Amino acid sequence: MEYRVNIYIETGRRGPSKGPGKYMYVIEFLKGDTPVTREGIESFENTFENELALKAMIAAAKRLTKPCDIRFYTTCNHVLSTTHNSWHIQWQKNGWRRSDGREAKNAALWEELVAVLQPHAVTYTKDEHSYRRWMREQLERK
């Protein structure tokens, strides 16, 4: 693909507990030889880390206007495990149900994410990145 984009995701919640939380994303791409970034931040009253990460990915991907080669940076184990094991693809084939017949966790968010990412080539990583510290500081401030 012609356009390469890095999308960095950070959340203000950690672990499986539910409560108030925020997400932040930074979209990074090259315009000519010049790096360009766009960012977004949103707060929620009652949410989980997994939901925040998925919502951030959806919001960031919706800002892209052309098919891109996207690399998502996230520390969310739910997202990483699901994508690396291709569970979301199997859930989609099974009507957003897991192999045991139960509904997949965050099925509606996964369905929306799969739809918005359809025109793109996507990879996911937990690699360190230069925005992490700054993004965490922003999440603590706002």
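**Figure 1. Gly15 in the loop between β1 and β2 of the predicted model.** Gly15 has a relative accessible area of 35% and therefore counts as partly exposed, since that class lies between the limits of under 20% for buried and over 50% for exposed. The residue is placed in the loop that joins β1 to β2. Along the chain, Gly15 and Met135 are 120 residues apart, and their C-alpha atoms are separated by 18 Å. Gly15 also belongs to the lining of the second largest pocket, which is the subject of the next view.

**Figure 2. The second largest pocket and its lining.** This pocket has a volume of about 220 Å³. Its lining includes Gly15 and Pro16, together with Phe48, Glu49, Asn50 and Glu51. Asn77, His78, Lys105 and Asn106 complete the list of lining residues. The elements that contribute two or more residues are α1 (49–62) and α2 (77–84). Of the elements, α1 gives the most, with three residues. By class, the lining divides into two nonpolar, five polar and three charged residues.

**Figure 3. The largest pocket and the residues nearest its centre.** The space in the largest pocket amounts to about 380 Å³. Its lining consists of 13 residues, and those nearest the centre are Tyr3, Val5, Phe29, Leu64 and Thr65. Strands β1 (3–11) and β2 (19–31) each supply at least two residues of this lining. Seven of the lining residues are nonpolar, one is polar and five are charged.

**Figure 4. Parallel pairing of β4 with β1 and with β5.** Strand β4 comprises residues 68–73 and pairs with β1 in the parallel sense over six bridges. Within this pairing, Arg4 has Asp69 of β4 as its bridge partner. Strand β5, residues 121–125, is likewise parallel to β4, and five bridges connect these two strands. Here the bridge partner of Phe72 is Tyr124 in β5.

**Figure 5. The buried cysteines Cys68 and Cys76.** Cys68 has a relative accessibility of 5% and so counts as buried, the limit for that class being under 20%. Cys76, at 2% relative accessibility, therefore counts as buried by the criterion as well. The number of disulfides in the model is zero, where a disulfide requires a pair of cysteine sulfur atoms within 2.5 Å.

Key:
Residues numbered from 1 in each chain as written. Predicted model: local features only at pLDDT ≥ 70, side-chain atom pairs only at ≥ 80, totals over all residues. Heavy atoms only, no water. 1 Å grid on protein atoms, 1.4 Å probe; cavity = no way out; pocket = protein on both sides within 12 Å on 5 of 7 lines; lining within 4 Å. Points joined across faces, edges and corners; volume = space filled by probe spheres on them. Helix = DSSP H or I, 4+ residues; strand = E, 2+ residues; numbered from the N terminus. Nonpolar A, V, L, I, M, F, W, Y, C, P; charged D, E, K, R; others polar. Buried < 20%, exposed > 50% of the residue type's maximum accessible area, 1.4 Å probe, protein only. Pairing = 2+ DSSP bridges.
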